[in-house]
Structure formats: C-alpha cells, structure tokens
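Dear colleague,

I am handing over the structure below, and after it I set out what was found. Please read the notes with the coordinates open beside them.

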Amino acid sequence: MTRPRSTITLREEARRSLASHTNPHIPHTLIYRVVPGCTAFQGGVVVRHGGVMPDPGKATDLAEFIGLLGELRVWAGTPSYRTLARQAGPFMKPPRVVSPFTVVDAFKAGRRRLDLDLVVAIVRALGVDEDGVARWREACVRVHGLAKTGGPVGVFGQLPAELATFTGREDELTRLIETATRRHGSGSARTVVISAIEGMAGVGKTQLAVRVAHELVRAGHFTDVQLHVNLRGFDPDVPAADPAAVLEAFLRQLGVPAQQIPVSREERAGMYRDRLRERGALILLDNAADEDQVRDLIPAGPTCLVLITSRRSLAGLDGVTPHRIDTFTDTESLDLLMRIAGRDRVTAEPEAATRIVEYCDRLPLALALTAARLRSRPAWSLAEHADRMQAGRLEAIRAGGRAIRPVFDLSYRGLAEPLQRVFRLLGHHPGPDFTPALLAALADSPDHEAEAALEQLQDDNLIRQNTPGRYELHDLLRAYAAELTDADPEPDPTAPVARLATWAVATGHAAARAIGAPPLSGVPAGQAARPGHFASYDKGLAWFDNERQNLAAIQDSAARAGLHRHVWQIAAVQKEFCITRQQFNDFLAVQQLAVVAAQTAGDQAAEALMLSGLGSIHWRMDRLDEAEDNCLRALKIYRTVVDPSGHASALIDYGAVQGQRGNHEHSVTLLTQALDLLHDPDTRRARATALQNRGVFHQRLGHLAQAFADTQQALAIYRQLNYRRGEALAIGNLAFFHLVNTDLDSAFDLFREQQHLALLLSDTFVQADALLGTGETHATAGHFDQARHAWQEALHLFEKISHPRAAVAQQRLDTTENEWPIPWTPTDWAAPQPTGRGDP
C-alpha cells in the first residue's frame, strides 16, 4: 500500500526526483557520494577538490540544461537540498529564505520554466566563480528562448483574447479609440496612426491595448489584417525579439512564401510596408524595449494603426502619440477586487478592502494577484490578508506561481549600474517626493547628473512626475527600492540619511534667511556642499511649503539613525516658517523630537534653545502650563550655560507666557531683563522682539507713551535689518495704539500700510490681523457696514489658517448684527498679542 505523501521524507523525495531526471550517462549511485575531484560542503563552507565543471553551453534545450545542473551538483560534492537551499538564499535578490522543496523542483526534469534568479543563486551556492555564473545564466536564458511557443518571436496573425476581468480605463479607452478613428477616418491623414501606451510595470498596458484593438475591430475598423507580437523587451528568460525575425514572421503571416522573404532587415521592412499598403491593418507591438526595436515594424499607410506598449518612453519615435496610463482610481480598484475575489466578500468587509487597495497603491497587477490569491483562499478574511500585506507588502502580493517582485526585477535589471544605484538610494528617502536637488544630495552627485538620472528613471516609468520639478515613487516601487537597499547596502548605512539631513539643514537655513530669519545659532550656512540659494522671500517660503513633509520625514529618519545634531537643527531652521504659516500643530512634534535629540546628545546649549522654542510653540497654542514648564527648564539650564542671546530668547518667551496669563507687570520685568542681555550687534533682531512685546504689555498697563516708544524703536531696528514681517507687525501694533488714542486717521493709514506689506509677504495671518484692526477702526468711527465687511474678510483668512483669532472676528460680527449703530470703544481683548513673531 502506498504511504501518504505527507510521510515521505525530504531525502526520499529528492531521491525520487533525481531518479526521474538525472543524466542517463551518469550512474545514479554516483549522485549520492562525494567523489575525488569534486567540491564538498563542510560546515556550510564550500571546499574545492578540483575536477571539471559541466559546460552549460552544451545544453540544446531546457531538459538538457536541467540535467547539466544536476551534474553541477555532483561536481560540487552533492550537497543536500536543505543545505543548498540555505546556501542559495543569501544569493537571491533580495536575499530571502528558500525552501528546500523549491530547490528540489529546480532539478526536476520535464519543467517548462525555471526561475532565473533561483538558478543563478544555486550555481553561486555550488561554488562557481562569477565568469562561470555568467555562462550558466546565459545558457539558462537561451534554452528558455528555445522553449517559447508561438514561433521564434511569438508572432500571431490574430489578437490575443480579452480578459473577462478587464475593468475601468473608460477615459483611456475613449481617448485611444478617438485618436485611432479620427486619424483613420480623416481624408487628410497621410501617415500611419501610432499610439504608444506607456506606464510602469503592472499598470495594465497590454490589457488596455488588447481591449482597444478588439473594440476597434468590432466597430468595423482595421478589419483586413491584425498582427500581434510580444517583443519581449522585458523578459526574464529570453533576449528581446530581433526586429528582422519579427519582420520575417509578419511577412509569413501576410502570405509571403519563405523562399521569397529577403535576407536583410531593410529589405524585409520595405516588403512589409508594401504588403500593408492601402490595407486596413492593426499592428499590436507588445512589450517594446525601445524605439529602435519597433521602428521597422511600423507600416507607412494612413489606413493602418500601430498600438505599442512599453515600460519605457518611446517619445523619440517619429509620429508617435504617447498615452501614459497611471494606476487605478479607488472605484476601479474595488471593482477589480470584486470581479476576481467576489463581490459579496468585498462588500462584507469594506474597510479591509480599502486597506488592500491602499497597500496595492491601486496598481492593477498587484490588485489582480491579491484578488486571485483571496479567491483561492475562501477561508481567509479580507482583514486577515490586509494584515499580512501590512507586515510584508511585496511578499504578500502573489498568486500561484506569479508575484509582483519579479515584475519589478525586470525593470530594475534593465537599468545601467549607475541608474540602479540611484534607484536603490531612493529607497533611503523617507519623504513623499523628491527633487533633483534632493537626489543630488542623497547620491552625492552634481545637480545636472541627478536631473539626468531622474529623466531616465521617468522614461523607464520607475518614477512619476505629477508636479513640475517634483518626482515620486509608486508605493510598491518604494518598498521594492527599500528592499534593494537592504540587499545591497552602502558602505556606511547611515551615510545616505546623513547626506539628506545635511542638505535639509543647509538649504532650510538658506530658505529661512530668505523669509527673514536671523542667522540661526549653531547652524552654519555652508554646512552642505551645495546649499540652496533663494533670490526672494516668495522663493524661500515656497521651498518650505513644498518640502515641509520631506523635512519632517528626514528629521524622523535622522533621529532613528542617531544623527542628533541634525535632528534639532532641522527643527531650528523651520521655526520662522512655522510662525509665518501659523502651523503650530504640525510643528509641535518636530520641536518635541528636537528637544529629545539635544538631550540625548548631551548638548545643554541646544537643549535650552529647543526647550525655549517648544515653550514658544506651546503658548502660541494656548497650552500655558506646558509653555511655562519648558521656559523655566530652559532658564534653569542658562544659569549654568553662558549664552546671553539664548538666555534672552528664553526670557522673551517666558515673558509672553506671563503676559498670556495676565501678569503684565511681570512680563515687562522679564522683557527688560532680556533687553539687558542684548547689546551685541548680532542680537538686534532679538532686541526688537523684546521691545515690541514690552510695548504690548505697556499698553495693557495703560502706559501708552512707553508703548509707543518701545514699538517705534522695534520698528526702526526691523527696518535697519530689512525684516519686512517684523516691520508689518510693529506697524500694526502702532496702528492699534493710535486707535486706542482715538487718532483714527493715523490708525487707518497704518493698518493700510500693514495690509500692503502682508500682501507683499503672502502672510495670511498678518493680512487678517490688519483687516481685524481696520474693522475695529471703522466701528470706532461709526462705519459699521465697512467694519463688518473688514471683519468678514478677516474671519475668512483666520479660518483659512485655522487660527483662534477667527473667534474674535466672529464675535465682532455677532455683536454688531442687530445692535448698530452704537457708540464703539476698542477693548483690550482685541489688542495685539505678544506672539513673539520676530523672535530669534
């Protein structure tokens, strides 16, 4: 009685497999013993005994190649399949655990296909040198090419079948069909219609092209001839199809006898064009490697249509209309899941289905493989599989013998080595997108080389550009690049992150200076090899707007890499931007991480600076207890660390906190202490901040003359420093003081001047603040219609930046809704706040 398969040992299974396929010229008994002149595995180390390695070039087909692979194992000392699997795993790309049964399968006769990566890993594990590995790889590719069906180049005289699961792409279908029929039906058309469908691997180019072709033929277009060929531009096992061979096969399909087909490629191309003259022909050229491969396969007549699919851009092809397709929409993604995995399963777990779509990042092939795997596992819930994908995204996207990783491998291997390194380096970038300048820093290369590399990667559809000058990776390609970085790390694994962080600090400092920040303590401007230069305030502000998410991600990566100085410096260069854009919620985590980094580095001066900064963020968010605690911790450090400027900064922030609590006299005292520390010419900016804030508290104490004097001094310093934002804020404070003093004409003039500066600076907060004061002045003058109009505009701008002063504007509107005209007196709760908006 036959034993159940589950009881068969691995060794027995291996023996049975080998008995069925080993080379008949080698005795079976020889397979299982180490013979003289062979290599043996001792303790996991290959030991060479000499002997002649089998020649893979002798294989004439796949079966012979597999037999020779068995001979190679004998040559290497017949290691066990378990040992061979353990040794081959590290040679896979990326390295991974290989099952012994997977290795056994590679030696089985009768296989129609081998995994090229696995074969190369096995050959390396058997102790073959790199020249020998190259010969085995070449032989493997060659015998697979011979095993292909459909003729030597896979040419067919009919279109491939449509997939029943085809979904979505309505806009793309419409655009492609309109292009084909408009040109085809036009009496003025003089040339062939060429549409190139381009996109990243797995995006569904071939399926779309096949659907377009069938739709056109069903509609009565191009019914004379349909030719289809897989050009194998990205095939793991065989070289790309030779255009001359394709032309030969096309001519045979067109009825040309073999003996009449010319020898040269040029003559074949000429005959091909002649045979298609005035015929309604549709030529589907799938998986093209480049323009040169398809150039001679394009007929000349206007009655023909050529559909080309490629992972690479074919923009260099004359007369081509490129159609770049992107990933699915959410709706299309869910529809594909339903078609394959089952509508009931998807609708029963909508949240899990949404997670699966996110993990596949809407890539059609990834979705199809995932759905097919779910269909073959009816007991699995979608939530369970979503958890698997979260734990190992690329590993989980597979079904049967197909997987997403080998598809990406083909695109990666098609790159030249320098581009491969660039692509791997992108796996180190933690942010959502990147620019040539960022890549130049990451790769430590000149800007022009980085830009050229990005152009080439875009042509290969490995990156995409949705915003001019900014590039991004598809999430699955990002995961793949990260795997490659782990498999082939840089000599110093932290170096790429360090280069990014250095660039972020240096360029951020230059951008901060452009928007009015003073030179930042501890952050030298020339820290990077190529810090950015910003010709205007707008350019500096735009840089921060664009790079904000990247800066946060780089800071986090720097923290994990132990680059503590970079971590707090990245926070320091963003402070002026945070204040300008009033983005305190987002910046809070950045500043908290900076405090931890300074503490971890044991840098007390940096710790005090970051604590003071954290306190300033907290009091701007009206979290006064936390603000006070951080300011006091900073001041405690400054009792032992001599840093007059930093000490003064902490006093300014603490003075603002006390002012928020209503302790105005204490605030004036603290700010006076700060001013006593600020006598150096480099501290003029901080001195102006202290004067401006002290002026606010003098006004609240009723000391209007002192308020005017302090604020005018601050304004003079801001103008000397050409700090326009500080100038605008000081002008607004002076305007309010004139309003309190009932000098309405001066208040109107100054609020108008403040608003003009705010518009020049693109500063929404200052613009809203000026409108709030303008409304206050109109109300005091009894102009309630104008007041409500100004407050409404202020409300809109405050809401746009989610600022709490929106409540002030709304209260003004509510108060005057039914009770005007009435006598109006401005009150303290609408007065300027000590926001430290010019702090160092």
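Buried here stands for under 20% relative accessible area, with exposed for over 50% and partly exposed for anything in between, using a 1.4 Å probe and the protein chains only. Strands and helices are DSSP runs numbered from the N terminus, where a helix is H or I with at least four residues and a strand is E with at least two. As background, in a regular strand the side chains alternate between the two faces of the sheet.

Before going further, please note that this is a predicted model, in which local features need pLDDT of at least 70 and side-chain atom pairs count only at pLDDT 80 or more, whereas totals for chains, interfaces and linings use all residues. Residues are numbered from 1 along each chain as its sequence is written, and side-chain values use heavy atoms, with hydrogens and water left out.

Why is strand 7 described as largely enclosed by the rest of the structure? Six of the six residues of strand 7 are buried, so the strand is largely enclosed in that sense. Two strands count as paired if DSSP finds at least two bridges between them, and on that basis strand 4 (residues 193-198) and strand 7 pair in the parallel sense over six bridges. Within that pairing, Ile-197 stands opposite Thr-309 of strand 7. Strand 7 (residues 305-310) is also joined to strand 6 by five bridges, and these two run parallel, with Ile-283 standing opposite Val-306 in strand 7.

Strand 6 (residues 281-288) has eight of its eight residues buried, so strand 6 too is largely enclosed by the rest of the structure. Six bridges join strand 5 (residues 225-230) to strand 6, again in parallel, and the bridge partner of Gln-226 in strand 6 is Leu-282. Returning to strand 4, which holds Ile-197, the relative accessible area of Ile-197 is 0%, so Ile-197 is buried. Ile-197 and Asp-286 are 89 residues apart in sequence, yet their C-alpha atoms are 9.4 Å apart in space.

**Backbone geometry in the loops**

The peptide bond from Lys-93 to Pro-94 is cis, with omega near 0°, and Pro-94 has its place in the loop between helix 3 (81-88) and helix 4 (100-106). Phe-222 has a positive phi of about 55° although it is not a glycine; Phe-222 sits in the loop between helix 8 (205-218) and strand 5, and its relative accessible area of 2% makes it buried. Arg-232, another residue other than glycine, has a positive phi near 55°. The loop between strand 5 and helix 9 (243-253) holds Arg-232, which is buried with a relative accessible area of 11%.

How many cavities of 30 Å³ or more does the count give? The count comes to two, where a cavity is a set of points, on a 1 Å grid over the protein atoms alone, at which a 1.4 Å probe fits but cannot get out, and lining residues have an atom within 4 Å of a point. Grid points are joined across faces, edges and corners, and a volume is the space filled by probe spheres set on the points. The second largest cavity holds about 70 Å³ of space. Its lining has 13 residues, and the closest to its centre are Met-200, Arg-324, Asn-461, Ile-463 and Arg-464.

A search of the whole structure finds zero disulfides, a disulfide being a pair of cysteine sulfur atoms within 2.5 Å. Cys-140 is buried at 0% relative accessibility, and Cys-631 is buried at 0% as well.

Lastly, Thr-485 belongs to helix 22 (residues 475-487) and counts as buried at 7% relative accessibility. The side chain of Thr-485 reaches the backbone oxygen of Ala-482 at 2.5 Å.

With best regards

Terms used:
1 Å grid on protein atoms, 1.4 Å probe; cavity = no way out; pocket = protein on both sides within 12 Å on 5 of 7 lines; lining within 4 Å. Polar contact = N/O pair within 3.5 Å; in protein donor to acceptor, adjacent residues only side chain to side chain.
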